[in-house]
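Subject: Structure for your review

Dear colleague,

Please find the structure below, together with its sequence.

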Amino acid sequence: MRRRLFLLTLFQGLPAMTLANTQLALHAFPPQPGAQRIRLLQGDAGVVVILARLGEKSASPYQPSPTAFDSIGAAGPAKPTRLYTIEQLLPGSPDWDVTLGAAGKPVLALNKFGGAINSLSVHDGARQLPLTPLREVDDLHDPRFVRGPRGAGAVTALADDRQVLLFQRGKDGQYGAARVIAEGKQLDNALLLDTPSGWVLLTRRAELGVQRGRFPGVLEARPLGSDFKPAGAAVPVFGAERIFHFDADVTEAGYAVVAVTAAGFALARVGKDQPARIEHHPHQALSGPASMVATGGMLYLGFLTPDQKIWLTKTAV
Amino acid sequence: MGNKNKRKAAQDAADGVPDGQIGEDEMRCIESLIVPRLTALGIIDGAISGGNPAHWTTVQLGGATVRATTAPPDFPGVTWDGSQAGVAPMERTISRAVVGTFNVGATLNSPRMHVELEVFNLTALVSDLPIAVAGTTRKGYAGFIAGNITRVSATTEPAADKVWNQLVWSAGAADAQANVRAVTVAVPGDQTVTVTLGTPAIGQLQQQVVLHICAWPRLEVIELTFSQGHVINNDTAADFDRLWQHGRAPNPPQCYTRNTAMTLAATLRVVRAPTDPENVVVRGTATIGGTAMTWTSAQIAVAPNAATVAFAAVAASAPLPNQVGFHQGAQINWEMSDPNGGWLSIGTTIHNVYVTLGNPIVADRVYWTLLHYSCVNGAGSAAAGAFTNAAFGTYTGRNLVRKRDNKPMTYWDPSSVARVNGNTMALLGSDSRRHLPGDQNGLPAPGGEEVAVGHCGSWAESFVDMLKIHGVANAFKINIKNQFPMARPAPPVTAAIMADAGFLVAAWNFAPPVAISGTTLTHRQWVTCTTGVHAPGQSNPTPPPAFYNHFVVWCTGTNTLYDPSYGNRFAGATVAAVLQAWEMHSISGLFADGAPPNAGYATAAVPAPARRLIFRYTNNNNELV
């Protein structure tokens, strides 16, 4: 999948900061105050980092709280470009994801904090498209744009911690009724991939244990049929290893997953009918991983650290 | 005159005997020549005399020989009594085969001469040590023998001082009777005590006893394994094990349902090894909530080389009190049997024991914090209704701390609510920092106090889960949403309805004062309608003043609405009255997204049942009416 972005930024000349004890050279951006999460996108001319940033002051802590979305060229510390500023009634760090819209403009899927029940909507700069839950009391969170050629702006989200819902766009551009594509207990993440061998739903279930931003959990890959129903047994991507955060993208052979682990991060390359090739890279205090397969087949990985630095690296798919 | 006559004359002169007359000596000599007689009678072997030549003693061993002396010497014709023929003509044999006093007499033309021979016997030697082992060995335990002294008693025939005084002992000190010795047995080891009667010359009788002094084992409880109760989860980090371990600090709490018996097994370290294999019994006793209970082991074999021994799982002799409770610092006093049939204290273990109303409904979610507060606040409860209300006392102080790390648990600290904290697990597992004064940017403050944060959904669920820990399943999470505009939304539910309108919490200032209107919004939020006094929430005096929705808990058992986020409880004659009470107390108006006027509505002006809020079960979406 090739994602386009109107920001043309070349990925070159990364700052020469390298983390020790890792096989991949990680390059740091300067601290980005308020950065809460990053995603990677590729525009016509390069890779950019999209980040959500809290910290814009409001008149009082209790007045609507803005969340800013910026893009930064992966090439280095260029001035961020503001994409969106979206107000929330309640302060906090919303769940969000980004993809490229039809016009090459970033499109956001975003939580709207409501108190305990949060809603979701998609912002494309012109419209705010609501994602309607199946039940009024369902709390929607963890919105993720479906990755792969047939993604087409479809969004998955978790309803409470029980269901993975798929929201697909109709011809009118609106999102239709949600479809339940997975159910379980303590579901904490989900990401749907359109891989060369078919739909694969990655899910992570929260397990009791010490958190690193999220509870630990095993990441499972569930093959889905064209009707989004289970088409095979779920396979643990990293075996029994518990991970905390992950991101994934589709490759020519299958898909690649980056996950934050207790010891650092792990990278899994999964091909059709082949066992996953897994690498472990020790490094503490990473969070918020992002991954993207860029033009030319390079796999870009990004991380956020508690000091709000963004770290990037790239490797062969 | 010959020499003989000269000596005679000289003797007569010395004796004053006139010359030519016969002196007394001469007369006796003459008489002896004429009448043989017995001159002496004595025992020449096999007996000893205490100085009296007519009284002899001996031991019951072989025989003794009596010899008669006659004048003229060896004159035949001695008449004997009380004896048997001896080896020599003038000797007789006395048997020593029988205990007794034997009189041996002899006569020869004179009054009977006699000697008396007493025969003694030494028949036994015994110790008062309590345990008979093979042969004469007796066993006792160092440290468990009164005064560290055992008394060894010799049995003689006759049992009399005259015999006992002849006993020769190899050990011990004199005691009240001469046939008893006091032997010190303070340390483990074998001692042989010998008593001897007789002499090498006459023969010796000997008895001995082996004093087998052993070390009694001493045990120490090093690990207890509790069972039959409930696993407590350490506030999402991990399950507590069911162990108490020596030297571990702190040891985890334990949890049982009321009126059930605590079951435990123990591992004990052998602090002092026994010298012989021994069997002991171990017991623990405790009084928990006024109920005395005991755990008693079966016989536990302790080998001399054992490092540890096991006490198999056993239930307490009595169940826990039949009511909810938290028994902090409950002591189990451990004892082991001693060799004298008593009990030897081997230490105390201390435990924190939670007692629930019923069995947890979700067994793997007995979170420590919820368990602790509910057991403390619900202590003494024995019925679900009373317990539910008492347990809610957990929230009314709005000052909970997470037991795992004593961090405050806050309701909607503005800086800290990230993502979804919509369940108990997320609330108890969260780690954030408290908002700093003046920090308005909504970011966790690096210098802020570490807190656990949750929103109303997680706080409400925490109370539901708290009750489930106690087996109470009649509490339900309720979502509150306004129904502005006035008409209730018709299906299908839209996202817009979900999030475009909400309510103003606690006191807002309306300028001018809000009109009594249940139909229209009249003010501009943040401009003519501004925040006033916040409703204090859990560990947060100023939670956000406006929400699109809110979660509370409805309990069908008590017909009460509980609002854990704010620590408030609402009861009433009817459900509608309860909901109205919440509304009247908790909000001061409504708001909607969009252009002003976007705030208003005086709740106080709208009498029941014309509520503007919908209370809906989250499990089935049904409305609570």
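The notes below go through what was found, part by part.

Please bear in mind from the start that this is a predicted model.

**Chain A**

The secondary structure of chain A consists of 0 helices and 24 strands. The chain has 317 residues, of which 62% are buried. Among its contacts with a separation of 6 or more, 48% are between residues 24 or more positions apart.

Helix 4 of chain B is mostly covered, with 8 of its 10 residues buried. These buried residues are Trp368(B), Thr369(B), Leu370(B), Leu371(B), His372(B), Tyr373(B), Ser374(B) and Cys375(B).

Two packed helices are described by the angle between their axes and the distance between the axes. For helix 4 and helix 8 of chain B, the angle is about 70° and the axes are 9 Å apart. Angles of 65 to 115 degrees count as roughly perpendicular, and helix 4 and helix 8 of chain B are therefore roughly perpendicular to each other. On the side of helix 4, the contact is made by Leu370(B), Leu371(B), Tyr373(B) and Ser374(B), while helix 8 contributes Ser462(B), Asp465(B), Met466(B) and Ile469(B). Sorted by class, this contact has 5 nonpolar, 2 polar and 1 charged residues.

**Helix 5 of chain B**

Helix 5 of chain B covers residues 384–391, and its buried residues are Phe387(B), Thr388(B) and Ala391(B). Seen down the axis of the helix, these buried residues fall within an arc of 100°, so they line one face of helix 5. What covers them includes helix 4, helix 6 (393–396), helix 8 (456–469), strand 38 (549–555) and strand 39 (560–563) of chain B.

**His212(B)**

His212(B) belongs to strand 17 of chain B, which comprises residues 203–214. Is this residue buried or exposed? His212(B) has a relative accessibility of 17%; the limit for buried is under 20%, so His212(B) counts as buried. Its side chain makes a polar contact of 2.8 Å with the side chain of Asp276(B). Apart from neighbours within four places in sequence, the residues in contact with His212(B) are Leu129(B), Thr137(B), Arg138(B), Lys139(B), Gly140(B), Gly189(B), Asp190(B) and Asp276(B).

**Backbone points to examine in chain B**

Most residues other than glycine have a negative phi, and most peptide bonds are trans. The following places in chain B may be read against that background.

- Glu157(B) and Pro158(B) are joined by a cis peptide bond, with omega about -5°. Pro158(B) is in the loop between strand 12 (149–157) and helix 3 (161–164).
- Ala511(B) and Pro512(B) are also joined by a cis peptide bond, with omega about -5°. Pro512(B) is in the loop between strand 35 (508–510) and strand 36 (529–531).
- Thr236(B), which is not a glycine, has a positive phi of about 80°. Thr236(B) is in the loop between strand 18 (218–227) and strand 19 (243–245), and at 1% relative accessibility it counts as buried.
- Asn406(B), a residue other than glycine, has a positive phi near 60°. Asn406(B) is in the loop between strand 29 (401–402) and strand 30 (407–411), and at 52% relative accessibility it counts as exposed.

Yours sincerely

Notes:
Residues are numbered from 1 along each chain as its sequence is written. Chains are lettered from A and ligands numbered from 1 in the order in which they are written. Side-chain values use heavy atoms; hydrogens and water are left out. Buried means under 20% relative accessible area, exposed over 50%, partly exposed in between (1.4 Å probe, protein chains only). Helices (H or I, at least four residues) and strands (E, at least two) are DSSP runs, numbered from the N terminus. The arc is that of the directions from the helix axis to the C-beta atoms. Contact means heavy atoms within 4.5 Å. A polar contact is a pair of N or O atoms within 3.5 Å; within protein, one must be able to donate a hydrogen and the other to accept it, and residues adjacent in sequence count only if both atoms are side-chain atoms. Axes are lines fitted to C-alpha atoms, for helices over the stretch in contact, and angles run from 0 to 180 degrees between N-to-C directions. Angles under 35 degrees count as roughly parallel, over 145 as roughly antiparallel, 65 to 115 as roughly perpendicular and the rest as oblique. Ala, Val, Leu, Ile, Met, Phe, Trp, Tyr, Cys and Pro count as nonpolar, Asp, Glu, Lys and Arg as charged, and the others, Gly among them, as polar.
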